[in-house]
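Please view the sequence and the model together before reading on.

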Amino acid sequence: MPGFSGLRTWWAGRPPAAGAAVMASGIVSVGLQLTGSETMSLVFLSLACLAWVTLAADFAVRLVRQRPRWLAEAKSPGALTAVAATAVLGTRISQLGRQTLAEAALALAVLLWPVLLLLVVRHWERRMPGAVFLCCVATQGLAVLAAALAAAETTAWLAHAALVLFWLGLVLYCLALARFDPRQVLEGAGDHWIAGGALAISALAGAKLLAADSARLYLWNDDDRGVLRNVTVALLALDLACCVVLLAAEVARPRLRFDVRRWSTVFPLGMTAAATLSVAAALDIGRLRTPGQALVWLAVAAWLAVAAGAVLAARAALVRAR
């Protein structure tokens, strides 16, 4: 069938960075849950799960049947969306109280993380697009999920492991920043927004670590908590400033044509919303809640716009195949 052939050709050309669609859907679901929009949150979670299963199956098929292609794609920064997407999905599942399933997601993400991180970092170039920050996003995604599970299950060692990942993620951010091509701010096709998304997920990890502490666990002393609090607030402030700069660049240099990397624009918006709301709750900063809620709906609008572009792109592929 010509239509099916065109769709298959379109799917076969999908880059690894398409995993950002799961990241975007998952974090929008998290943000909606934090605002109390449970029904809409579950809709986005269902879409994220469907996309994750589809991409995971394709990941496995390529690993078994197309090993050279799998290895080539595993060296690109976009490959780390497999880790980040699994961690984000696991975090939302943990919010549902399904801790065993969230643990399975963490275990899978931890297995993928060192393999893909090593392959990606070893093939960094001198000047990289925004996807270079996925090394930080994937690492902080593990920290967020581990901290969420530590709080849910009152498990100290998970919280301490999450803290190590948190600091490692910040180191990786600095290393990625040294490789990032600043021209991408004006020329990037969407993944340049990950520069802000990496700061946002780092702030979210800090908020989760602070929230995981309790009288029963006593994870951090006053000095530790003070440092973690200050770093978390600084990360959120940097993220918000970065988003303002990126938004101004989009206005100055509009890039309206659809690109799959636009999912990497939705993800930072949703992550910034989730981070703002989580920091507001963890540090009892009420004035952050209103902008956090506004950012959630901005992320929903961006998701809908990019999803519409994806549908039109798939339709165009079918038309060309006729």
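Predicted model: local features only at pLDDT ≥ 70, side-chain atom pairs only at ≥ 80, totals over all residues.

Residues are numbered from 1 along each chain as its sequence is written, and side-chain values use heavy atoms, with hydrogens and water left out.

**Helices α2 and α3**

- Helix α2 (residues 20-34) packs against helix α3 (residues 38-65) at an angle of about 160°, and their axes are 8 Å apart.
- Helices here are DSSP runs of H or I with at least four residues, numbered from the N terminus; axes are lines fitted to C-alpha atoms over the stretch in contact, and angles run from 0 to 180 degrees between N-to-C directions.
- That angle makes α2 roughly antiparallel to α3 (over 145 degrees).
- The crossing of α2 and α3 is left-handed, a term for a near helix turned anticlockwise from the far one by less than a right angle.
- Residues of α2 including V22, L32 and Q33 meet residues of α3 including E38, F44 and L55, where contact means heavy atoms within 4.5 Å.
- The contact of α2 with α3 comprises 10 nonpolar residues, five polar and one charged (Ala, Val, Leu, Ile, Met, Phe, Trp, Tyr, Cys and Pro count as nonpolar, Asp, Glu, Lys and Arg as charged, and the others, Gly among them, as polar).

**Helices α7 and α8**

- Helix α7 (residues 134-153) and helix α8 (residues 156-179) cross at roughly 165°, their axes coming within 8 Å.
- The two helices α7 and α8 are therefore roughly antiparallel to each other.
- Their crossing, that of α7 and α8, is left-handed.
- Among the residues making this contact are C135, T139 and A150 of α7, and L158, F166 and Y173 of α8.
- The contact of α7 with α8 has 18 nonpolar residues, three polar and no charged.

**Residue A148**

- A148 lies in helix α7 and is buried, with a relative accessible area of 12% (buried means under 20%, exposed over 50% and partly exposed in between, with a 1.4 Å probe and protein chains only).
- The C-alpha atoms of A148 and L158 are separated by 9.1 Å, the residues being 10 apart along the chain.

**Aromatic rings**

- Five aromatic pairs are found in a search of the whole structure.
- The rings of F166 and W167 are edge-to-face, because their centres lie 5.1 Å apart and their planes meet at 65° (rings of Phe, Tyr and Trp, its six-membered ring, pair if their centres lie within 6.5 Å, and planes over 60 degrees apart count as edge-to-face).
- F166 is buried, with a relative accessible area of 0%, whereas W167 is partly exposed, at 36%.
- One aromatic cluster is formed by F44, W263 and W303.

Definitions and conventions: Phe/Tyr/Trp six-rings, centres within 6.5 Å; stacked < 30°, edge-to-face > 60°. Parallel < 35°, antiparallel > 145°, perpendicular 65-115°, else oblique.
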